[in-house]
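Subject: Handover of a structure

Dear colleague,

Please find below the structure that I am handing over to you. My findings follow it, arranged by topic.

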Amino acid sequence: MSERRPKIYLNLSFPPLAARYAHLPADGVGLLRAEFLALSLSVHPKQLLAEGGAETFIRAFTEGLIEVARQFWPRPVTYRALDLKSNEYRGLRGGQQFEEPEENPALGLRGCRRYMDDPELLRLQARAVRSVHEAGWTNVRLMLPFVRTVSEVLACREILQQEGLFERGIPLWIMVEVPSVVFLIERFLPLVDGVSIGTNDLTQLILGVDRDNPRLAPLWDERDDAVMRAIEWVARACRESALECCVCGDAPSRRPELIPQLLQLGLTALSVSPEAFERTLQIVREREPGSG
Ligand code: PEP
Ligand code: MG
């Protein structure tokens, strides 16, 4: 697997943009952020459910996903389940009622942990992914965000199993964004079909630097050896398990000079912003044997 050219995927947040970028010779979508889909409903999911809106939620997510899956067919589209933080959910209608203010939302009720408290939220997204597959768009896979522990992945798998995702062969990926997952990566790999490293959160957590604090911006730097070592560790474990290992954080988009080093560490794929795609492709091609 590691001998072939690394894949280059695209990061997308907004399904209508799929039409604009699908012509690029990308290998698929490595990160389709779900947050836009939720924010476009303008209502807190629990408020929507309280109003009997489960079908509205599933329909909106299904339609958004199909829009991307169709544009990129047959290339894979990696749908990342919602990773909204409490402060972001609070801004939605009904949010004040369902979200307690948190001192530190980046370390709060987000990512996979939210699905332990609110399994319904993952269930609805699983139903959307399943209905996308049932409609014939079998190129969509599901990725869990901001994983902290193996038990969270097991609990999410249980929900996905109940919703028939594995029966349909829908691949499950996880994001590696928290150092606990780096250290114990070999325990996660038997549970998943691939991993994608979120260097934005991973850098924040390894270096202890708030990624949203402009005064700390110079310290939030993915080039740090500690971050590189974490990526290398994860890539090696994935290689040993013959699993795909991607980086979908902004590191290769923001810092193209990092790309050769990232590939040297053994990643099998990079997922970059559409604006960074051509440049990334060029750098990857220059590394290919015989490219001069
Ligand atoms: C990341 O943390 O690198 C990532 C891709 O997730 P987000 O930027 O959406 O938190
Ligand atoms: Mg993240």
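At roughly what angle do the axes of helix 4 and helix 8 cross? In this predicted model, the axes of helix 4 (residues 54-72) and helix 8 (residues 119-134) cross at roughly 45 degrees and come within 8 Å. Helix 4 is therefore oblique to helix 8, and the crossing is right-handed. On the side of helix 4, the contact is made by A54, F57, I58, F61, T62, L65 and I66. Helix 8 contributes L121, L124, Q125, R127, A128, V129, S131 and V132. By class, this contact of helix 4 with helix 8 has 11 nonpolar residues, three polar and one charged.

Helix 8 also packs against helix 9 (residues 150-162), and the two axes come within 9 Å, crossing at roughly 45 degrees. Helix 8 and helix 9 are therefore oblique to each other. Their crossing is right-handed. Here P119, L122, R123 and A126 of helix 8 meet C156, I159, L160 and Q162 of helix 9. Six of the residues in the contact of helix 8 with helix 9 are nonpolar, one is polar and one is charged.

A further helix pair is formed by helix 12 and helix 13 (residues 225-240), which pack at an angle of about 120 degrees with their axes 10 Å apart. Because angles over 145 degrees would count as roughly antiparallel and those from 65 to 115 as roughly perpendicular, this angle makes helix 12 oblique to helix 13. The crossing of helix 12 and helix 13 is again right-handed. From helix 12, the residues T199, L202, T203, I206 and L207 meet A226, V227, A230 and I231 of helix 13. The contact of helix 12 with helix 13 comprises seven nonpolar residues and two polar ones, with no charged residue.

Helix 12 (199-207) also has a part in the largest pocket, supplying at least two residues of its lining, as do strand 2 (29-33) and helix 2 (35-41). The space in the largest pocket is about 270 Å³. Which residues of the lining lie nearest the centre of the largest pocket? They are R33, E35, R80, K85 and R211, out of 21 lining residues.

Two points of backbone geometry remain. Most residues other than glycine have a negative phi, and most peptide bonds are trans. Which form does the peptide bond from W73 to P74 take, cis or trans? The bond is cis, with omega near 0 degrees. P74 is placed in the loop between helix 4 and strand 3 (77-80). S42, a residue other than glycine, has a positive phi, near 60 degrees. S42 belongs to the loop between helix 2 and helix 3 (45-50).

With kind regards

Definitions and conventions:
Residues are numbered from 1 along each chain as its sequence is written. Chains are lettered from A and ligands numbered from 1 in the order in which they are written. This is a predicted model: local features need pLDDT of at least 70, side-chain atom pairs count only at pLDDT 80 or more; totals for chains, interfaces and linings use all residues. Side-chain values use heavy atoms; hydrogens and water are left out. On a 1 Å grid over the protein atoms alone, a cavity is a set of points where a 1.4 Å probe fits but cannot get out, and a pocket is an open set with protein on both sides within 12 Å along at least five of seven lines; lining residues have an atom within 4 Å of a point. Grid points are joined across faces, edges and corners, and a volume is the space filled by probe spheres set on the points. Helices (H or I, at least four residues) and strands (E, at least two) are DSSP runs, numbered from the N terminus. Axes are lines fitted to C-alpha atoms, for helices over the stretch in contact, and angles run from 0 to 180 degrees between N-to-C directions. Angles under 35 degrees count as roughly parallel, over 145 as roughly antiparallel, 65 to 115 as roughly perpendicular and the rest as oblique. A crossing is left-handed if the near helix is turned anticlockwise from the far one by less than a right angle, and right-handed if clockwise. Contact means heavy atoms within 4.5 Å. Ala, Val, Leu, Ile, Met, Phe, Trp, Tyr, Cys and Pro count as nonpolar, Asp, Glu, Lys and Arg as charged, and the others, Gly among them, as polar.
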